[in-house]
Amino acid sequence: EMLMNPQGSLHGGVMAAVMDISMGHLLHKTAGMGATIEMKIQYLRPLSQGVVTCEGRFIKKGRSLSFMESRLSGSDGKLAAIATATWKMPDA
């Protein structure tokens, strides 16, 4: 209940945090520590119950910057939000 907004759906800030974390873990696993420079989120539909799935992926991986995406889906498999972000890559 603490993660829900007054309308009874998962709070957008929680969704944003989960998507940011999914991209950060992918970056850390493949290249090391990095940092989010900017992130844009498109909320497509509310989520009110069930398990949420989130998957991060690279759009383009560069030496100093990477462009990433995260997709968040509800328990029915339908897309609920998409985030795109620019990440500062770890120093070599």
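Modeller: Start with pLDDT, the predictor's confidence in each residue, from 0 to 100. This is a predicted model. Among the elements of the protein, H1 has the lowest mean pLDDT, at 96. Strand S4, residues 79–88, has the highest, at 98. The protein averages 94, and 99% of the residues score at least 70.

Biologist: Why does the score matter to me?

Modeller: Where pLDDT is low, the predicted coordinates should not be read in detail.

Biologist: What elements are there, and in what order do they run?

Modeller: The protein has one helix and four strands. From the N terminus on, the order is α-β-β-β-β. The C-alpha trace spans about 45 × 20 × 20 Å along its principal axes.

Biologist: Which residues of H1 are buried?

Modeller: Met15, Ala16, Met19, Ser22, Met23 and Leu27 are buried in H1. They cover an arc of only 125° around the axis, so they sit on the same side of H1. His25 and Lys29, on the other side of H1, are exposed.

Biologist: Why can residues spaced along a helix point the same way?

Modeller: An α-helix has 3.6 residues a turn, so residues three or four places apart point the same way.

Biologist: Take methionine 2. Why is it called buried or exposed?

Modeller: Exposed means over 50% relative accessible area. Methionine 2 has 81%, so it counts as exposed. Methionine 2 is in the segment before H1. Its C-alpha atom is separated by 29 Å from that of leucine 27, 25 residues apart along the chain.

Biologist: And asparagine 5? Is it buried or exposed?

Modeller: Buried means under 20%. Asparagine 5 has a relative accessible area of 18%, so it is buried. Asparagine 5 is also in the segment before H1. Asparagine 5 and aspartate 91 are 86 residues apart in sequence, and their C-alpha atoms are 39 Å apart in space.

Biologist: What makes tryptophan 87 buried or exposed?

Modeller: Set its 5% relative accessibility against the limit of under 20% for buried. Tryptophan 87 therefore counts as buried. Tryptophan 87 is found in strand S4. Threonine 36 is 51 residues away from tryptophan 87 in sequence, yet the C-alpha atoms are 4.5 Å apart. Over the whole protein, 29% of the 92 residues count as buried.

Biologist: How many salt bridges does the structure hold?

Modeller: Four.

Biologist: What makes arginine 57 and glutamate 55 a salt bridge?

Modeller: The side-chain nitrogen must be within 4 Å of a carboxyl oxygen. Here the closest N and O atoms are 3.4 Å apart. The pair qualifies. Arginine 57 is partly exposed at 32% relative accessibility, and glutamate 55 is partly exposed at 46%.

Biologist: How do you know that arginine 57 forms a salt bridge with glutamate 69?

Modeller: Their closest N and O atoms are 3.8 Å apart, against a limit of 4 Å. Arginine 57 lies in strand S2 (residues 53–61) and glutamate 69 in strand S3 (residues 65–73), so the pair ties together parts twelve residues apart in sequence.

Biologist: Why can such side chains pair?

Modeller: Side chains of opposite charge can pair when their charged atoms come close.

Biologist: Which salt bridges make a network with these?

Modeller: Glutamate 69 also bridges to arginine 71, with the closest N and O atoms 3.1 Å apart. Glutamate 69 is buried at 14%, whereas arginine 71 is partly exposed at 30%. Salt bridges that share partners join Glu55, Arg57, Glu69 and Arg71 into one network.

Biologist: Last one. What makes a nonpolar surface patch here?

Modeller: Nonpolar side chains are joined within 5 Å, given over 30% relative accessible area and no salt bridge. Ile37, Ile59, Leu65 and Phe67 make such a patch, of about 360 Å². Isoleucine 37 lies in strand S1, residues 35–43.

Technical notes. Residues numbered from 1 in each chain as written. Predicted model: local features only at pLDDT ≥ 70, side-chain atom pairs only at ≥ 80, totals over all residues. Heavy atoms only, no water. Helix = DSSP H or I, 4+ residues; strand = E, 2+ residues; numbered from the N terminus. Buried < 20%, exposed > 50% of the residue type's maximum accessible area, 1.4 Å probe, protein only. Patch = residues over 30% accessible without salt bridge, like charges linked within 9 Å, V, L, I, M, F, W, Y side chains within 5 Å. Areas by Shrake-Rupley, 256 points an atom, 1.4 Å probe, with all protein chains shown as cover. Arc of directions from axis to C-beta.
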